[in-house]
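Q: Please guide me through the reading of a pocket and of the elements around it.

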Amino acid sequence: MVTSTTRFVTCALFVLLVACQPVADQAPPTSAVDTEALIADALSAALPSMAATAKVVDWEGNTLKEGTGTYTCMPTPPQYTDGKSPMCMDHPFMTWADAWSNHTPLSIEHLGISYMLAGDQGASNVDPFATAEAADNHWVVEGPHLMLVVPNGDHLEGISTDPHNGGPYVMWKGTPYAHVMVPLEIPEYTAKPAEALAEALSAANSSMAADAKVVDSEGKVLQEGTGAYTCMPTPPLLTGRAPMCLDEPWMAWADAWNKRSELALSRLGIAYMLAGDEGASNVDPYAGGATADNHWVVEGPHIMVVVPDPAQLEGISTDPHNGGPYVMWKGTPYAHVMVPVAD
C-alpha cells in the first residue's frame, strides 16, 4: 500500500520542491557509490549527532539508511542541478509536507522543527507552489537555516515576513503552510570577547547584530537598535560564556523566569545563543550549578524556542544527547526547546 508518507517521499516533498516528476522518469540509484552520495547529501542538512541516528529516504521512497532517531533526511531532489537542498524533518514537519504536497488542510498538535544546514536553492516567500523565480513572487535563496511549524498560525503573528530583516521570518503567511525560516550562521567557538558589546553580539547572526539593541546586566544600553532582537552579554555572576539575543516573547519569558511569575505568551518566541553557553540544569530552572541529579548540560551554538501552549512541546525528547532538539525544564512554566545548530 502507498501511504501518504511514501507518497510524500516519492515526490521529493519538501518546501523547496520545484515539481513532482513521474517515478518512471527518474532512475533509481544504480550503484553503491550513488547511494552513498545520496546519503551524504541528505545528511549534510543535519547535525553530525543527528546524522548518526537519522533515517535517510530517497525521492522514490527507498530507504537508503535505516534510523533509530526522530528525524528523516532526504537528499536534494533530482530536478535540482545547480546546488543542494537536502532537508531533515521531524514527524510534525513530515505531516506538514504531506499536507502541502496534496494541497490539503494541515492538522498538527505539536511544534515541528526541520533542519536545512546545507542551505537551499530558493523558494517564493509568498507562493507555496511557485516553481521558479518571477518578478512578483519574492524569491529568496537561504543559507543554513531551520524551519519551524506550529499548530496555530496565529502564533506566528508579530514575526517579520521580510527575509532581509536580520532574523527569523514567516514564509507563506496567510496560507495553511505558513512556517518560520530561522537563518543561521554557525560560528566557530572562540574565546570570550573582552568587551561586553562584542560578547553580546557573538550570540547573533551578523545581519541581526547590525540592528539589534544591546543592553548590559544593569540595563545600560550599549547599542541602540531598530531590529526585533535585544542582545545581552554573559551575566557577571557566570565565569564562562552565555550571551543571548531575545525577541519580544523571549524578553517576556525572561522577565517571568526572573520574577518566578506565571508566563503568558500570545506567539512563538525564538532566541539566539550562537556562542553557546556554560551550562544549566535541564530539569531545574533555578539550579546554580551542577549536582549529581540535576542533569546539567553545557550546550554549544543553539537557538531556543518558546510557545504559548506547552502542550505543543509533547513528543519532543527531553534528552540533551538525543542528537537533536530537546525540551528543557519540562513541566514548569518556563519549558522551552533547545535546538542545537552545531555539535
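A: By class, the lining of the second largest pocket has 7 nonpolar, 8 polar and 3 charged residues. Here Ala, Val, Leu, Ile, Met, Phe, Trp, Tyr, Cys and Pro count as nonpolar, Asp, Glu, Lys and Arg as charged, and the others, Gly among them, as polar. The model is predicted, so local features need pLDDT of at least 70 and side-chain atom pairs pLDDT 80 or more, while totals for chains, interfaces and linings use all residues. Residues are numbered from 1 along each chain as its sequence is written, and side-chain values use heavy atoms, without hydrogens and water.

Q: What volume does the second largest pocket have, and which residues lie nearest its centre?

A: Rolling a probe the size of a water molecule over the atoms shows where empty space is left. On a 1 Å grid over the protein atoms alone, a pocket is an open set of points where a 1.4 Å probe fits, with protein on both sides within 12 Å along at least five of seven lines; lining residues have an atom within 4 Å of a point. The volume, the space filled by probe spheres set on points joined across faces, edges and corners, is about 270 Å³ for the second largest pocket. Of its 18 lining residues, Asp90, His91, Pro92, Gly315 and Ile316 lie nearest the centre.

Q: Which helix gives the most to this lining, and how is its N-terminal end capped?

A: Helices (H or I, at least four residues) and strands (E, at least two) are DSSP runs, numbered from the N terminus. Helix H4, residues 91–101, gives the most, with 3 residues. Asp90 caps the N-terminal end of H4, with a side-chain oxygen 3.1 Å from the backbone nitrogen of Phe93. Just after H4, His103 takes a positive phi of about 55°.

Q: Is Ser114 buried or exposed, and what does Ser114 contact?

A: Ser114, in strand E5 (residues 112–116), is buried, with a relative accessible area of 0%. Beyond four places in sequence, the contacts of Ser114 (heavy atoms within 4.5 Å) include Cys88, Phe93 and His145. A polar atom of the Ser114 side chain lies 3.0 Å from the backbone oxygen of Cys88.

Q: With which strands does E15 pair?

A: Two strands pair if DSSP finds at least two bridges between them. E15 (residues 269–273) pairs antiparallel with E14 over 2 bridges, and 5 bridges join E15 to E18, also antiparallel. Ala271 in E15 stands opposite Leu246 and opposite Met304 in E18.

How values were computed:
Buried means under 20% relative accessible area, exposed over 50%, partly exposed in between (1.4 Å probe, protein chains only). A polar contact is a pair of N or O atoms within 3.5 Å; within protein, one must be able to donate a hydrogen and the other to accept it, and residues adjacent in sequence count only if both atoms are side-chain atoms.
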